[in-house]
Amino acid sequence: QSKYDSSIVFYEKVIGIYERTGKTRSLGNPYSNIAIAYQQQSNYPQALLYQQKALEISEKNKDEVQQAYTIMNMGNTFSNMGDSVRAEKSYLDAIKLAKKNTLINVELYGYSNLASMYVKQNKWPEVYEFAMKAAVLGASMGDQGIHSASLSKAATALAYTNKIAEAEALAKKAILIADSSTQPLNIYQAYSSMGNILRLKGSFAAAIPYYEKGFLAMKGSDIYDIDNGEVYKQLSDCFEKTKNYSKALEAYKIAVQIIDSARSKDNIRKSTELTMN
């Protein structure tokens, strides 16, 4: 229900009861869940604090399954904090434990998260490698969302390594799966990825409808981040190249507004982290 403040209050009560009754071996679950609540509030230092507590409990209990889930979530926290070194290590450690304990879903999310992290670093061979691993596992589990999103990332990686024909073929497959999933975010990712591939190819007019379909899928959503702003910049570039300057300016203005807003939120978050530290 996205009532994170309320959930934190109740998890704190659970933690208090376990501590007072000496049930410390059972603290891993409430520690992990309260960490997720803090993570959803972008309170990453506090999330990390409880994730470290959860990891300590699972290590004492020799519970490798719980360790895998906790380390994966720690990877997400490190990634959100911009600590790519520790995020990468966490994801790889979680994948190792997942393989050992046959946790297919943890392995899948590990590959997917690594691919997303490498996209931000423009490490395209690594993006392709882990995105394809995620796509294969996603397909085997019937997870159309991750399957299509992973194919989109892999297609983008191919485009940035000048394999445009292969990229187009993979992006078309991603679109078909995304449409079947009926999940707005996946549809947006698939169509915007194809738009970017066509833009890199120099087919600016052909790229525009894909960008527009992607943004239409996200209509009414409040999901806006720097990546969305960059996609609007790409659309602006396509309008400019096709001499539709009014549309180019309109798209560019939206891009600037989104990026400025996202950076402002990020600055507030970093300031809060420094204060807490």
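Predicted model: local features only at pLDDT ≥ 70, side-chain atom pairs only at ≥ 80, totals over all residues.
How are helix 9 and helix 10 oriented to each other, roughly parallel or roughly antiparallel? Residues are numbered from 1 along each chain as its sequence is written, and side-chain values use heavy atoms, with hydrogens and water left out.

**View A. Packing of helix 9 against helix 10.** Helix 9 (residues 164–181) and helix 10 (residues 184–201) pack at an angle of about 160°, their axes 8 Å apart; axes are lines fitted to C-alpha atoms over the stretch in contact, and angles run from 0 to 180 degrees between N-to-C directions. Helices are DSSP runs (H or I, at least four residues) numbered from the N terminus. The two helices are therefore roughly antiparallel to each other, the term for angles over 145 degrees. The crossing of helix 9 past helix 10 is left-handed, that is, the near helix is turned anticlockwise from the far one by less than a right angle. Helix 9 contributes I164, A167, E168, A171, K172, A174, I175, A178, D179 and S181 to the contact, and helix 10 contributes N186, I187, A190, Y191, M194, I197, L198, L200 and K201 (contact: heavy atoms within 4.5 Å). These residues comprise 13 nonpolar, 2 polar and 4 charged.

**View B. Packing of helix 6 against helix 7.** The axes of helix 6 (residues 104–120) and helix 7 (residues 124–140) come within 8 Å and cross at roughly 150°, which makes helix 6 roughly antiparallel to helix 7. Helix 6 passes helix 7 in a left-handed crossing. Among the residues that meet are I104, L108, Y111 and Y118 in helix 6 and W124, F130, A134 and L137 in helix 7. The contact has 13 nonpolar, 2 polar and 3 charged residues.

View C. With a relative accessible area of 14%, H147 is buried (under 20% relative accessible area, 1.4 Å probe, protein chains only). Residues up to four places away in sequence aside, H147 touches A135, G138, A139 and I177.

**View D. Helix 12 and the residue K243 that follows.** At 1.5 Å a residue, the 16 residues of helix 12 (residues 226–241) should span 22 Å, and the end C-alpha atoms are 23 Å apart, which agrees; the expected span is 1.5 Å times one less than the number of residues. Buried residues in helix 12 include N228, Y232, L235, C238 and F239. K243, which follows helix 12, has a positive phi near 65°.

Key
Parallel < 35°, antiparallel > 145°, perpendicular 65-115°, else oblique. Nonpolar A, V, L, I, M, F, W, Y, C, P; charged D, E, K, R; others polar. Buried < 20%, exposed > 50% of the residue type's maximum accessible area, 1.4 Å probe, protein only.
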